[in-house]
Amino acid sequence: MLSNAENETLCRVGPGTPMGAVFRRFWHPVCLSEQIARPDCDPVRVEILGERLVAFRDTAGKVGLLEEGCPHRGVSLALGRNEDNGLRCLYHGWKFATDGTILDMPNCPDLRLARNIKAKTYPIREGGGFLWAYLGPADRMPPFPKWRFLEIPVDHMRVNRIDADVNYMQQLEGGADTSHVGILHSNFARPGWMTGSFNANTDQDNPAALATGDLAPTLAVEDTPFGFHYAAIRQVEGNEADGKRNVRVVPIVMPSTRIIPSPAVQFIIFEVPMNDTRTATFAASYRLDGAPVDQWKLNEMSGRHNPALFDEATHRYIGTWENRFGQDRGRMSEDWSGIKGVVMEDMAMAMSQGAIADRSKEHLVPADQAVVRCRRQLLESARRVAEGGDPIGVEVDVSTIRAIDATVPGNVRWQDLVTA
Ligand code: FES
Ligand SMILES: [Fe+2]
């Protein structure tokens, strides 16, 4: 449970807010490389931490991230012409380079004026199929994070985004909440649920497939330099004698990233607040054996193939109460949620909590420990940053962080499974 004041601190991320200051100390994905794939292609509107920006790729292939409003009189540069190494405002033709310099000012021939004006820009980098931005103070810019997936060919990965009208914390808490996996995702986690028997889903790609029917996993939570690990330890039926158990270890990387494992695939998920009530979830998935992931299968598993819930062109989740988040109650005798796809099930839960969940009314149980740790670390970071210090997890080496889903003998320490 949180007080209303703590919840406000946790959830508000705009300029000048304590949590906004925490998020501004990290690099975040802001759009997919494929959204601005070619030189001189259409510019893309970017919203992050309550700021409206525009990303574009110039004729030479260089990317820029400008404030969306033109410095002349505020017209959106996303409507502009992207040509000859610059983005030109449609209204009076001012033209900007990727670094914000004014290249042309047709309605003001006195170019001395142009030298004194610059479009506001933010540092932008490309890697792993994403464009990443840093919105914080220049003297506090951390090194670009070396995620392991940046080394993997993009065509071997699945890189995607889904935007939803919900606060980032609900999305992040869903990822830190292991006890829902065996219940909300019953169809994937324990396909025999309707007969009361446990049939393991043997799909090695599926992050919601549990190797065990234990619905009350033992949870261990341990702080790390990047945030914390939580381990969910589940008893494996028939293995009581040798103590074999299923171990799922998930790293929560501050401020809002996690790695969800399936036995074969790592899903790195970034919850990027667009504003207080809208979140872009970026994901990069790759196989541990180096083979390309099966895009089609992962899409179907997640439920993104359903045009009633996901608009491929705009990357938007479009489930609402009007379409009941895709729930078909007629199918609930053999389908636990009546909602198709793991991600769509998660989305319905987060959306149904409201745009910003009221955490003053909850009743938490031990299974919520990782959710609580998430909030505590973020609030601690907000306190540290407000006092001029550094947030938890800034400038850590992320290259060795990994998640695991494995069935191991009882004498194996879970911590040893995730140290490189
Ligand atoms: S508003 Fe952009 S050039 Fe005038
Ligand atoms: Fe889930």
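**Entry 1. The iron site**

Is H180 buried or exposed? I looked this up before anything else, keeping in mind that the model is predicted. H180 has a relative accessibility of 15%, and it therefore counts as buried, the limit being under 20%.

I then turned to the ion itself. Which atoms coordinate the iron ion (ligand 2)? I found H180 (NE2), H185 (NE2), D346 (OD) and D346 (OD), at 2.1 to 2.6 Å.

H185 is buried, because its relative accessible area is 2%.

What is the geometry of the site of the iron ion (ligand 2)? I noted angles of 55 to 150° among its 4 donor atoms, and the site is irregular.

**Entry 2. R248**

I next examined R248, which lies in strand β14 (residues 245–253). Is R248 buried or exposed? Its relative accessibility is 4%, so R248 counts as buried.

I listed the residues that R248 touches, leaving aside residues up to four places away in sequence. Among them are V181, P207, Y230, R234, P261, I404 and D405. For I404 I looked up the separation from R248: the two are 156 residues apart in sequence, yet 5.5 Å apart in space, C-alpha to C-alpha.

**Entry 3. The sheet of β2, β3 and β4**

In what order do the strands of this open sheet lie? I recorded 3 strands in the order β2-β3-β4, with antiparallel pairing. The edge strands are β2 (44–48) and β4 (63–67), each of which pairs on one side only. From one strand to the next, the twist averages 30°.

I followed one pairing further. β2 and strand β3 (residues 51–57) pair in the antiparallel sense over 5 bridges. Within this part of the sheet, R45 has V54 of β3 as its bridge partner.

**Entry 4. Cysteines**

How many disulfides are there? My search gave a count of 0. C31 is in no disulfide, since a disulfide requires sulfur atoms within 2.5 Å and the nearest cysteine sulfur, that of C41, is 9.3 Å away. I noted that C31 counts as buried, at 0% relative accessibility. C89 is also buried, with a relative accessible area of 4%.

Note on methods. Residues numbered from 1 in each chain as written. Chains lettered and ligands numbered in written order. Predicted model: local features only at pLDDT ≥ 70, side-chain atom pairs only at ≥ 80, totals over all residues. Heavy atoms only, no water. Pairing = 2+ DSSP bridges. Helix = DSSP H or I, 4+ residues; strand = E, 2+ residues; numbered from the N terminus. Axes fitted to C-alpha atoms, helices over the stretch in contact; angles between N-to-C directions. Buried < 20%, exposed > 50% of the residue type's maximum accessible area, 1.4 Å probe, protein only. Donors = N, O, S within 2.8 Å, 3.2 Å for Na, K, Ca; no water. Tetrahedral: all angles 85-135°; square planar, octahedral: opposite > 155°, others 65-115°. Contact = heavy atoms within 4.5 Å.
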